[in-house]
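User: I've got a structure open and I'd like to talk through some of its side-chain contacts. Can you take my questions one by one?

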Amino acid sequence: MKLTIHGAARQVTGSMHLLEVDQYKILVDCGLDYEKDRSIQANEEFPFNPSEIDVVILTHAHIDHSGNLPTLIRMGFDGQILCTPPTAELTELLLMDSVSIFMSKQDKRRKHRGGKKHHHQQQPLYLQKHVMDTMERMVTIGFNKPFRLNGDVELTFIPVGHLLGAAAAILKVNDHGAEKTIGFTGDVGRFNYPVLNDPQPLPQVDYLVSESTYGGRFHTKDQTVEQVLIETIEKACIKESGRLIIPAFSIGRTQALVFSLNKIFSSGLLPPVKVFVDSPMANASTQVFRKYHELLNDDAQDFYKAKGDEFEFENLTYIENLKDSRQISNYFEPCIIISSAGMLEGGRIQDHLYNNIQNYYCTILFIGYCAKGTLGYRLLRGDPIVHIKDRELAVYATIKKTDLFSAHGDHEDLVNTVKQNPADKLKRVFLVHGETESMQALADALEQDRYQVTIPEKGVAYNL
């Protein structure tokens, strides 16, 4: 049995791991690599022949895990893609959104050249047709239901929180008569997260490929999600009679936020405030959350039984078309605007920022990570002037942030995930999907507890 880490090796994006059992080749995740030193087109350069991959296992829908699947198929892969049912539906939404982003960037380049075509013009990585081809390959498997890939390999999906449908992939392998088990964590969620169940303990494995995103970092523990929201809304919308803008990723983050607001307002903890959810993808993904209601946590289930739909309440409006989105700027009462994208690098959120960044009575609350170089990062850094839609605008709005909506487990959660397997039984831990410092911090903590840890280099094969 041989393991090669082809993506998310000593970096965060582009998760892609190849497991070979004799001649049978299993690819775990096939994410977009969008690190700054790498062009999107470079994702076409697979370090293996896509047509030789027998099966793909997809841990969850996020683009850094799923976003290069259409390219894999376009380049010759013709096998099945195995995932949970919610992952299949959310992946389709995200892949279609990727196509829209590719096409939008192409249009911008064409406008920049005055509408002229160029024979070296960069083509979109994939089109809608390739996404549809990808969806036809999807085979869905429920949680905790062993599924035999072939005579030697059995797959089980274990729920890990993080996102609706997200799973760790546990593979039980007959390797020339010897039984070996390897686990891939995907992305590990955090405990007590709105809407989602806590990560389920992993079974005993011989080898574990673990994410390390929050290695060395700890989430805030002294406040709850509701406390932070009440405090922020009370100041921004009630005392100052202003508006609160919350940039939020459409899938996962928005649903957690809406449910938290529903609990606050339905319990009378704050007077009513108008709430706009301005993201077509958030609206579509909320329907998926409703469809798979039985997979939500006990808190959401109990709320539904007592008060009804977790994602619907008085004064909440889901915005669909662009015309209605633009009309929000004419709403002069206190309000909350939830819009994507979370890092402010596109989407309708840019319109809301453009109209409000110079408003003294506006608060912008960041509830997610903002990568270096993004508009969100510059605002959090405290830049007094930012560039939005071809203009330099002074920042008069109040900028706040909280990490309580991060769907990633922190350092303690990651260490505890590994420790579910005793050090004397877990032969090796491979750390992926993290910045170098995060991986090293997690490795140091695990090695102190006598775990054998490897931070793999990209493309290096390990015999297990």
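User: Let's start with E154: is it buried or exposed?

Analyst: Keep in mind that this is a predicted model. The relative accessible area of E154 is 18%, and the cut-off for buried is under 20%. So E154 counts as buried.

User: And which residue forms a salt bridge with E154?

Analyst: General idea first: side chains of opposite charge can pair when their charged atoms come close. Here the closest N and O atoms are 3.4 Å apart.

User: How many residues apart in sequence are the parts tied together by K221 and D410?

Analyst: These two form a salt bridge, with the closest N and O atoms 2.9 Å apart. K221 is exposed at 57% relative accessible area, while D410 is buried at 0%. K221 lies in the loop between β11 and α5 (225-239), and D410 in the loop between β19 and α12, so the pair ties together parts whose separation in sequence is 189 residues.

User: What about E44: which helix holds the residue it pairs with?

Analyst: E44 forms a salt bridge with R74, and their closest N and O atoms are 2.5 Å apart. E44 sits in the loop between β3 (24-28) and β4 (55-57), 30 residues from R74. The helix holding R74 is α2 (residues 69-74).

User: Now α13: what arc do its buried residues fall within?

Analyst: An α-helix has 3.6 residues a turn, so residues three or four places apart point the same way. In α13 the buried residues are S438, M439, L442, A443, A445 and L446. Seen down the helix axis, they line one face of α13, because they fall within an arc of 165°.

User: Which exposed residues sit on the face of α13 turned away from that buried side?

Analyst: The buried residues of α13 pack against β11 (207-211), α12 (411-419), β20 (428-432) and β21 (453-454). The face turned away from the buried side carries the exposed residues E437 and Q448.

Technical notes:
Residues numbered from 1 in each chain as written. Predicted model: local features only at pLDDT ≥ 70, side-chain atom pairs only at ≥ 80, totals over all residues. Heavy atoms only, no water. Buried < 20%, exposed > 50% of the residue type's maximum accessible area, 1.4 Å probe, protein only. Helix = DSSP H or I, 4+ residues; strand = E, 2+ residues; numbered from the N terminus. Arc of directions from axis to C-beta. Contact = heavy atoms within 4.5 Å. Salt bridge = Lys/Arg side-chain N within 4 Å of Asp/Glu carboxyl O.
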